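Please examine the sequence and the structure shown below. A short report accompanies them.

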Amino acid sequence: MNRRLIPPYVWTGGRTRPSRNVLDRLTVLRAATDQVPASLSPAGRRVLELLLDGALPLAEVAAHLSLPVSFVKVVVSDLFDEGWLIVRAPTPAQDDQLPDQQLLERVIRGLRALQ
């Protein structure tokens with residue numbers, strides 16, 4: 001198991017809540033720049049580097065970085081406040097756009113196989 005030497009809350013200055021309460025797990029994040037500034041925190045740089053390849057939901061960013069979603073929300077809100085990120089609320093699914101139940105079951109089986 002990979003244990004961090006520095007707990008995530010230390011990277012956020014002990015803050016556990018984001019500056020804005022509009023972010024959820026499905027909020028879509030996109031880098032507002034094509035370069036990662038050296039002045040960012042290590043966590044902020046990691047988030048931006050990941051998003052340089054394209055937009056991702058907040059939960060997926062947290063999964064790629066192996067960090068708690070609550071911690072990533074704090075980092076993302078800081079990056080958004082500083083103008084480094086573009087955030088978009090998830091679009092609600094229409095009834096005719098809901099995924100097929102068989103597809104969802106295959107995804108669940110695939111995720112369980114990864115554990």
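This is a predicted model: local features need pLDDT of at least 70, side-chain atom pairs count only at pLDDT 80 or more; totals for chains, interfaces and linings use all residues.

Residues are numbered from 1 along each chain as its sequence is written, and side-chain values use heavy atoms, with hydrogens and water left out.

**The sheet and its helices**

Helices (H or I, at least four residues) and strands (E, at least two) are DSSP runs, numbered from the N terminus. Two strands pair if DSSP finds at least two bridges between them. Three strands form an open sheet in the order S2-S1-S3, and their pairing is antiparallel. Strand S2 (56-57) and S3 stand at the edges with a single partner strand each, so one side of each is left without a neighbour in the sheet. Strand S1 (residues 28-31) and S3 run antiparallel and are joined by four bridges. Leucine 29 stands opposite valine 87 in S3.

Helix H2 (residues 42-51) packs on the sheet, where it touches S1, S2 and S3; contact means heavy atoms within 4.5 Å. The direction of H2 makes about 90 degrees with that of S1. Helix H4 also packs on the sheet, touching S1 and S3, and its direction makes about 115 degrees with that of S3. Axes are lines fitted to C-alpha atoms, for helices over the stretch in contact, and angles run from 0 to 180 degrees between N-to-C directions.

Buried means under 20% relative accessible area, exposed over 50%, and partly exposed in between (1.4 Å probe, protein chains only).

| Residue | Relative accessible area | Class |
|---|---|---|
| Threonine 27 | 3% | buried |
| Serine 66 | 54% | exposed |
| Threonine 91 | 63% | exposed |

Threonine 27 is placed in the loop between helix H1 (8-11) and S1. Leaving aside residues up to four places away in sequence, threonine 27 touches Val22, Leu56, Pro57, Leu58, Val87, Arg88 and Pro90. A polar atom of the threonine 27 side chain lies 2.9 Å from the backbone nitrogen of aspartate 24.

Serine 66 belongs to the loop between helix H3 (58-65) and helix H4 (69-81). Although serine 66 is not a glycine, it has a positive phi of about 55 degrees. Most residues other than glycine have a negative phi.

Threonine 91 occurs in the loop between strand S3 (85-88) and helix H5 (101-114). Threonine 91 and valine 28 are 63 residues apart in sequence, and their C-alpha atoms are 9.6 Å apart in space.

Terms used:
A polar contact is a pair of N or O atoms within 3.5 Å; within protein, one must be able to donate a hydrogen and the other to accept it, and residues adjacent in sequence count only if both atoms are side-chain atoms.
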